[in-house]
Amino acid sequence: MNSNGKIYLQILLISSFSILIKYLVSYFYIFNEDLLLKILRLEDIEYLFIVESLSRMDLKTDWSNIHKAENIIGFPIFSIIWHSIFFTFFKYYSLIILGVIFLFILYLLFFKILCNLNFDKDKSFFILISLVTTIQVLKYFGNIYEINLFHVVHLPLFEFVSSRFPRPLVTSIYLFLSIFCLQKISNKKNFEEKKNYLILLCLSLALLLNSFFYLFLVVSILSLITLLSNFKNNTISIVKKNTYLFIQCLSIIIIGFLVIIVQNIFSENDYSNRIGLYSVDMEDKLYLINFFFLKLFQPEIIILIFLIVIFKFFLLKKTAIFNNNNNILFNFFISSVLAPFIFILFSNKMISLYHFWTIVKFSGFLFIFIGIFILFFNKF
């Protein structure tokens with residue numbers, strides 16, 4: 001077995017263990033419980049109902065014989081569509097099967113991103129294992145000793161690198177695939193070699209749009225920054241010479257928008273109320289902008305920004321790793337900070353804005369985490 005096959009097998013084993021461990025522990029406590037009951041107990045039952053409905057090509061959620069649904073489902077379908085397809089063949093056991101497959105893909109994409117940062121395969125695998133282990137250690141000590149610092153660091157990492165369905169198990173695959181494509185676009189010198197990655201990037205954005213809209217906005221800003229810095233003064237001429245390609249890319253994103261627009265128009269009226277969607281006026285916008293600005297001065301955010309500045313402009317200044325990819329990971333953090341202000345300015349409806357702040361923390365922690373290993377490997 002070659003080195004790639006060996007590492008892929010190791011990633012698969014880690015993914016399988018991460019998914020199956022909770023079921024193995026459950027058998028230790030309740031041995032005679034049926035596997036189906038364990039799945040229903042250990043997974044989020046509400047998402048399973050939506051998966052089952054969509055697997056029947058039933059776009060309504062008729063969970064009550066008394067109050068029948070009149071309109072289509074409003075839940076972001078691109079985060080559950082793959083599980084709905086597999087549900088047709090494997091029913092509820094598809095949660096375990098796809099859990100292993102999707103977590104393997106998530107870990108593999110993160111491994112590929114590390115390789116694109118000029119880490120060799122062994123170092124990339126070591127960083128991946130370190131991240132997975134760090135998340136579990138923070139969770140363990142946070143629960144045992146109830147130390148708030150562990151929860152502060154653990155939560156953003158868990159929200160983007162874990163086996164929870166559908167977020168981040170599905171949505172983080174779209175995120176990491178987008179970052180991977182941006183890295184490839186930045187690294188390829190010939191524009192012909194960039195084309196396939198541009199199309200794949202747009203496909204990832206379209207899937208992300210109807211899976212985790214806030215993350216879509218962050219990645220869109222990141223993509224714009226990366227593409228403009230990559231094409232520089234040749235942007236207009238490149239677009240003119242490759243008009244058909246950019247029409248294809250734009251069409252993919254438009255299709256993503258059409259799906260979410262159709263859902264918003266024809267979904268159940270009470271769905272928006274149930275998930276907490278509310279309208280805002282200019283006074284609300286000013287309040288929210290001020291609120292998010294003040295959050296930048298929270299102790300953990302100040303420390304995060306301080307460490308990022310130290311790593312970026314001092315400790316990592318002489319390393320070529322981040323520069324080789326147009327500072328994509330650093331720009332990921334910048335994009336996450338800009339996104340909530342842009343969204344508040346242009347949107348008249350809001351919901352669960354705390355997701356923006358979770359993305360800010362994750363992108364910042366990720367940059368510092370990888371920066372620590374850059375310094376470690378350069379030193380030793």
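Arg167 lies over the face of Phe212, 4.8 Å from the ring centre. Here, a charge sits over a ring if NZ of Lys or CZ of Arg is within 6 Å of the ring centre and within 35 degrees of the ring normal. Lys312 has such a place over Phe330, at 5.2 Å from the ring centre.

A quick note on what you're looking at: this is a predicted model, where local features need pLDDT of at least 70, side-chain atom pairs count only at pLDDT 80 or more, and totals for chains, interfaces and linings use all residues. Residues are numbered from 1 along each chain as its sequence is written, and side-chain values use heavy atoms, with hydrogens and water left out.

Back to Arg167, which also turns up in the backbone story. Most residues other than glycine have a negative phi, and most peptide bonds are trans. Yet the bond from Arg167 to Pro168 is cis, with omega near 20°, and another cis bond joins Phe165 and Pro166, with omega about 0°. Pro166 lies in the loop between α7 (148-158) and α8 (171-187), and Pro168 is in the loop between α7 and α8 too. Those labels come from DSSP runs numbered from the N terminus: helices are H or I with at least four residues, strands are E with at least two.

| Residue | Phi | Loop |
|---|---|---|
| Lys91 | about 55° | between α4 (81-90) and α5 (94-115) |
| Ser352 | about 45° | between β2 (349-350) and α18 (354-379) |

How exposed are they? Lys91 is partly exposed, at 46% relative accessible area, and Ser352 is partly exposed at 29%. For the terms, buried means under 20% relative accessible area, exposed over 50%, and partly exposed in between (1.4 Å probe, protein chains only).

Now for the aromatic rings. Rings of Phe, Tyr and Trp (its six-membered ring) pair if their centres lie within 6.5 Å; planes under 30 degrees apart are stacked, over 60 edge-to-face, and the rest tilted. That rule gives 31 aromatic pairs. Take Tyr214 and Phe343: their centres are 5.3 Å apart and their planes at 75°, so this pair is edge-to-face. It bridges distant parts of the chain, with Tyr214 in α10 (residues 213-231) and Phe343 in α17 (residues 328-346), 129 residues apart. Tyr214 is buried at 6%, and Phe343 is buried at 9%.

Phe376 and Phe377 are edge-to-face as well, 5.6 Å centre to centre with 65° between the planes. Phe376 is partly exposed at 41%, whereas Phe377 is buried at 18%.
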